[in-house]
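Let us walk through this structure together, one site at a time. Please keep the model open beside you as you read.

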Amino acid sequence: MIPKEMLEKAEEIALELMKRDDFVVIHHNDADGITAGAIAFKMLEREKKQVKAKWVKQLYKETIQEIKGLGKNYVFVDFGSGQLDELKKEFNEENFFIFDHHQPLKTEHEFHFNPLLFGVDGGKELSGSGTVFLIALALNEKNVDLSPLAIIGAVGDMQDFKGKLIGVNEVILNKSIEAGLMLKEIDLRLYGRITRPLVQFLMYSSNPILPQLTASEEKCFEFLKEKGFALKKGDKWRTYSDLSEKEKKELTTELIIHLTNFGEPEWKVKELIGEVYTLLNESKNLPTRDAKEFSTMLNACGRHGSAEIGLQVCLGDREEFFDKAMDLLAIHRRELSEGIRFVQEKGISEEKEFYFFDAEEKISETIVGIVAGMLYGSGIIESNKPIIAFARNEKNEIKVSGRGTMDLIRKGLNLGKAFKEISHLIQGEGGGHNIAAGMKFPQEFKEKFMKLMNEKIEEQMNLEKNKN
Ligand SMILES: [Mn+2]
């Protein structure tokens, strides 16, 4: 259900957009930001408006200076709600729009469109790209063909974490299915069903973690061999989508048995199965065929400072820019496997309340968090404590990524909150989600960080213990 007031506001904003020209779309560099940017760009271009797109990593004071003067009307997508005060200072009130799903400031602004202003949960029920899509649809019903981008964005922001899309996301998905653009199936939810060879398909599973299989190429290889799956057809590695229906069922069953044998609780086993989304107009064996793989490709572009390449792919390029995006995806995958190997060789250290490792210069700061999350399945660490990874950024500050498990969240862990609170004490900046978060701080505070982190996690877990 979409609240009526929300649809009315979308109509109102669409009318306002129609009156104007010379637009600049400013978007974030992750999958949701890129798809949001693409939808905004396309909908304006279709109305014969002059439009440019620009991505920024974050909407800071510095970046606002870069943006000013690029055009006449500014459209901020997938961010802006939290920077509304700053934007009001820097831009003419009449000349900027915000289409975002992050926590808004209390400040009023006429051209501010955010699900949270209408009682729709921007964390679970609508992504940034979905928010822009509602405007696009109000502008012209033909824009329904942009709906797959809204689904890719939602999946990129992990709004399908319960195994399906809900709320306004689901409404958009249904529109997309009705229009014959997407297919929804209940299937194994591991990443890479279209393009990953079977061994890598299991090995890179981090949601759920497959005990002993995640992060171990060797074990995945043995597992599949033992269960009788042919890994190759001719000299080509088979992917999950290459399997027959019967084999798919068998593999699913084997994985369920595997998880159960390791004593995994039922809710975790259930995470294995859920909705997967196929883009029907895309070629069968390309990452753009699957919403999750498409979003990873966009994230790979963003993480390598090339969100504009991802934007072109979203706008339909399947040649020059698409090839570049494929290269970046391959680099991303290589970095991931090298990162895991590096940590496996180097080993993990342990504090009272958390595990940690130093990525040195070996793992780029953009993927160190993903590597950290995958270690849970590797057998290197147990799931009784969160894991913290250290890296250094280009300013030689310490960059920290933290990952936890759903179990730990239930026990009270909130990494985003911990990082935010600690950052104030060590001249840092940080925050994020309860299960995955990041922060950065000056080198000299490393020891202090270790101490504070131990205290903070202990405090969070105790608080929950005492409640029960
Ligand atoms: Mn977003």
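Contact here means heavy atoms within 4.5 Å. Leaving aside neighbours within four places in sequence, glutamate 264 is in contact with Pro211, Leu259 and Val269. You will find glutamate 264 in the loop between α10 (245–261) and α11 (266–270); helices (H or I, at least four residues) and strands (E, at least two) are DSSP runs, numbered from the N terminus. At 18% relative accessibility, glutamate 264 counts as buried, since buried means under 20% relative accessible area, exposed over 50% and partly exposed in between (1.4 Å probe, protein chains only).

Before going further, a word on what you are looking at. This is a predicted model, in which local features need pLDDT of at least 70 and side-chain atom pairs count only at pLDDT 80 or more, while totals for chains, interfaces and linings use all residues. Residues are numbered from 1 along each chain as its sequence is written, and side-chain values use heavy atoms, with hydrogens and water left out.

Now turn to the metal. Which residues coordinate the manganese ion? They are Asp32 (OD), Asp78 (OD), His101 (NE2) and Asp157 (OD), at 2.1 to 2.3 Å. Along the chain, the donors of the manganese ion follow the spacing D-x45-D-x22-H-x55-D. Donors are N, O and S atoms within 2.8 Å of the metal (3.2 Å for Na, K and Ca); water is not among the atoms, so sites may look incomplete. Is aspartate 78 buried or exposed? Aspartate 78 is buried, with a relative accessible area of 1%, whereas aspartate 157 is partly exposed at 24%.

The helix packing comes next. Two packed helices are described by the angle between their axes and the distance between the axes. Axes are lines fitted to C-alpha atoms, for helices over the stretch in contact, and angles run from 0 to 180 degrees between N-to-C directions. Helix α2 (residues 31–46) and helix α13 (residues 307–314) pack at an angle of about 50°, with their axes 9 Å apart. The two are therefore oblique to each other: angles under 35 degrees count as roughly parallel, over 145 as roughly antiparallel, 65 to 115 as roughly perpendicular and the rest as oblique. Ile34, Thr35, Gly37 and Ala38 of α2 meet Ala307, Gly310, Leu311 and Cys314 of α13 in this contact. By class, the contact of α2 with α13 has five nonpolar, three polar and no charged residues. Here Ala, Val, Leu, Ile, Met, Phe, Trp, Tyr, Cys and Pro count as nonpolar, Asp, Glu, Lys and Arg as charged, and the others, Gly among them, as polar.

For a second pair, look at α6 and helix α12 (residues 291–303), whose axes come within 8 Å and cross at roughly 75°. α6 and α12 are therefore roughly perpendicular to each other. Their contact is made by Ile151, Ile152, Val155 and Gly156 of α6 and Ala291, Lys292, Phe294, Ser295 and Leu298 of α12.

Lysine 362, in the loop between β11 (355–358) and α15 (368–374), is exposed, with a relative accessible area of 53%. Isoleucine 435 sits in the loop between β14 (429–432) and β15 (436–441) and counts as partly exposed at 28% relative accessibility. Not counting residues up to four places away in sequence, isoleucine 435 touches Gly402, Arg403, Gly404, Thr405, Met406, Ile409 and Leu415.
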